[in-house]
Amino acid sequence: MVIEQETLPLIEGILHYGLQMLLALGILGVLSLIIAYLVATALYGPIAGGRELKNFLSEICRDWFYTSPRRVLALAWLAMKESINRRVLVVAVIFLILLLFAGWYLDNRGDIAAKMYLSFVFTSMSVLVIVLSVVLSAFSLPSDLNSRTILLIVAKPVRRHEIVLGRVLGFLATGTILLAVMGGISYFFVSRGLDHTHVLRESEIALEDYDPTAENPIVKRGRTAMKHGHRHEVLFYKNGDIYVEDTPGHSHRAEVRTNQQGEEIVQLGEPLSILRARVPRYGTLLFRDRNGELQDKGINVGTEWKYKTCIEGGTRSAGIWTFEDLYEEEFPNGVPLELTLGVYRSYKGDIDSGILGSLRLRNPTDGRTSNPILFRAKEYYTDRLFIPRTVDSPEGPLDLFKHFVVDGKVEMEVRCEERAQYFCMARYDVYARAGDAPFSLNFVKGLTGIWLQMLLILSVGVAASTVLRGSVAMALTIGIALSGHLLDSLKTLAQGENYGGGPLEALIRILTNRNLMVELPNGFYLGPTKMFDAAMRGLLNAVTYIVPDFRLYNMADYVAQGFNINASQLASNIVCGVTYSLIVIIIGHLCLKLRQVA
Amino acid sequence: MANETADPPEMTAASSSEPERPAQAEVVIETRNLTKIYRDFWGRAKVRALKSLDLEVRQGEIFGLLGPNGSGKTTTIKLLLGLIFPTHGQALVLGKPATDEAKNEKIGYLPEESYLYRFLNAVETLDFYGRLFNMPAKVRKQRAAELINLVGLEGAKRRPLKEYSKGMTRRIGLAQALINDPQLILLDEPTSGLDPIGTREMKDLILELKARGKTIVLCSHLLADMQDICDRIAILHRGELKELGRVDSLLQVTDITQLQIKDLSDEAQEEIEAVLRKHHGELVGVNHPKATLEDLFLRIVRESDDHLGRRVVRELPTETASENGSPEKTDES
């Protein structure tokens, strides 16, 4: 599997994700101002109304200017105390129990084990933290208003935004502690769950026929017993080196020991890089069709992979990746590539052996091309291909960085070599693996994603609860969180790309028992129905711009799939998330300012 | 309150000077045409909680707001604190609009019920409210200790408030109202829930605060308490101001003259009567008997019920009223 989401540099990321949202909120702000002015005019007349509005806005600004950190912290402390008093730490216990049971059911076999474990812990943590945030934030202010404890707060020189801000920060602090505890438990659980060793006995090792003239031939070979659903092939070299193949995505360090019975065994130690954070270096993708013409997209073989398009085997058709930043210093021994190509077979062939493909390097300036490097691609597998420093070419062996890479730029052409078979690909399916980042750091980055979601939900919940009752505020917060997670489906609905029309048309279809594909018969109601649905779609479209894009903050996939979370991506997410929260807190401030608390 | 001799903490700044006489003193609270109407969803007036209240409270006085339940006392306090917004009119507190949070720096407020966080203990409570006044940690600690001592909760200061009795809750409520050494103290039913000793202590404390130059506005329907300590009172009924003035002058019964004479023999009495007839002789004391505040209160409530509508209130000239014993017309016109 690969990560399909584009990661953008910091500023670009902020501009891309933040600007759209800011623009939408800006429009909303201007609209609110106009409405506020109209209301003020209705109450006080046009001039006095304008003055009142101006005074109100300058009061809001003054409030923020005179923010007292001590007051905010005091209110945050109170919120923390309150949440602890409401026994939120029970959540950590629930999580622990969940993990205890999960240990029985989680698949710890081979390659998918790490992914399963990580997905599970991240999903559980997200769900628990989100549910907790919704409940904490939506009911806190309303319960204070109900019990009137708020009276003693607002009778002090507390600005209303400090109440909102303090509450968000207090709950955030509790949530952070909880998340840290759960994160710690998860890390322990995952590393313990995946930890295993293998033993290779003398009887499992076979002698190999080898060429005595070879420099360092393999002299013995063995296969470990099945453990955690996988085996390792172990190769013994003449010079005494032992190589453990990392077939299920990880390897082990091997050591020859004598056991208690005096038997010599090969002991494989703890798994190496089973938890990893690959740093991918992506290129851009162009296609060549069967006539050799450059195209943006390949062939569409159906909607199995909407984002992937295909190249036809045995023709000139190819996918060409252009990498811009492969430097000798970073890859002194050669470039390790990882390919996750979709394989579309028009006939089944030998299902076990995979489809033969080739990769050619090309110098982008002089067009010099290497000999094909062959590989076999299997469905749903990530194939690893190592491009060595010395590459064969029609001119003889050439150095990778001297002859093919120019200023970090090189082209790689992938072809399918079997006739009537297809490789399907998208930009992020092929990348150079520029080493690994520390996994623990990546784990923390993944937790940061959950933390940002928590921040957003807390802000939305507290802001909503300044004007709404607890249960209504909760429903609204859940609605926003869900919309944020399902933004793609919402956009499809808002842009009318779905079948069956808008809500009214759908209702008519249900009532008249017509399926989605049938045209509605002409009738007097058709016009108004379409208009109503268009209005609803417009409204929904506006909503899609306003709700925070929670998919951005769901970075658990990166951790689970073993990809490093880009620092700039993380930073832009943090900037966007915090800005959004701040805007929501300001909205909460306005609402609470206008509200009579007694 | 257990430790009556203890100085109320940090009140020394204003305490040395004798409080100014109310009439010349600075106006601390001023309301003009203050009106509060609660409306229903459709904007129709549901309750007229307060109607055109004009009040002035001056520095250093104890001002009582009296009225039966639902007369608008608490509404007035809430309007003064900016907890609710007036429908019409304006309230200025310490020279600032009531909705300005900055005015709260110098205000202490004890609500009718102690709306405190029950999961905090006394020390945490006072520390928390001290932080809301932006007080540094050292000052907070010192003041919290002094106030806990003042209200006599020394032995229970680490117990969560949910374990407190009503009287104890009231005391800690008062302590939080004083945490910032306020200039103006608003007390809503300060003696409710207190036993007679507690009530006495509370009243003493209020008088002591007044002696230190604090302005105190309290509302209550415990009339005897109000009579003891208030300098001036306002009586509200169904949201309208029905009476306003100095307690001593309001309670004067102006059509009766009372003589207090020591060791009076029958002959002397006859003689005095003769003297009185001739407007001669030596009187030991002539003054007007006082009704209780309760009498006045009941009379006004009864009158107001009988004659609904606005009762014109002219305040007594504050200085001369009690000394001259001159009557002041407060009847309906």
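Author: Axes are lines fitted to C-alpha atoms, for helices over the stretch in contact, and angles run from 0 to 180 degrees between N-to-C directions. Helices (H or I, at least four residues) and strands (E, at least two) are DSSP runs, numbered from the N terminus. This is a predicted model, where local features need pLDDT of at least 70. Residues are numbered from 1 along each chain as its sequence is written.

Reader: Why is H4(A) called roughly parallel to H7(A)?
Author: The axes of H4 (residues 90–105) and H7 (residues 160–194) of chain A come within 10 Å and cross at roughly 15°. Angles under 35 degrees count as roughly parallel, so H4(A) is roughly parallel to H7(A).

Reader: What makes A:Phe95 part of the meeting of H4(A) with H7(A)?
Author: Contact means heavy atoms within 4.5 Å. A:Phe95 is among the H4(A) residues that meet H7(A), where the partners include A:Met182 and A:Phe189.

Reader: Which classes of residue does the contact of H4(A) with H7(A) have?
Author: The contact has 10 nonpolar, 2 polar and no charged residues. Asp, Glu, Lys and Arg count as charged, and Gly is among the polar ones.

Reader: What makes E4(B) and E5(B) a pair?
Author: Two strands pair if DSSP finds at least two bridges between them. E4 (residues 88–93) and E5 of chain B have 2 bridges, in the antiparallel sense.

Reader: Why do E2 and E5 of chain B stand at the edges?
Author: The open sheet has the order E2-E1-E4-E5. E2 (45–58) and E5 (96–97) each have a single partner strand, so one side of each is left without a neighbour in the sheet.

Terms used
Chains are lettered from A and ligands numbered from 1 in the order in which they are written. This is a predicted model: local features need pLDDT of at least 70, side-chain atom pairs count only at pLDDT 80 or more; totals for chains, interfaces and linings use all residues. Side-chain values use heavy atoms; hydrogens and water are left out. Angles under 35 degrees count as roughly parallel, over 145 as roughly antiparallel, 65 to 115 as roughly perpendicular and the rest as oblique.
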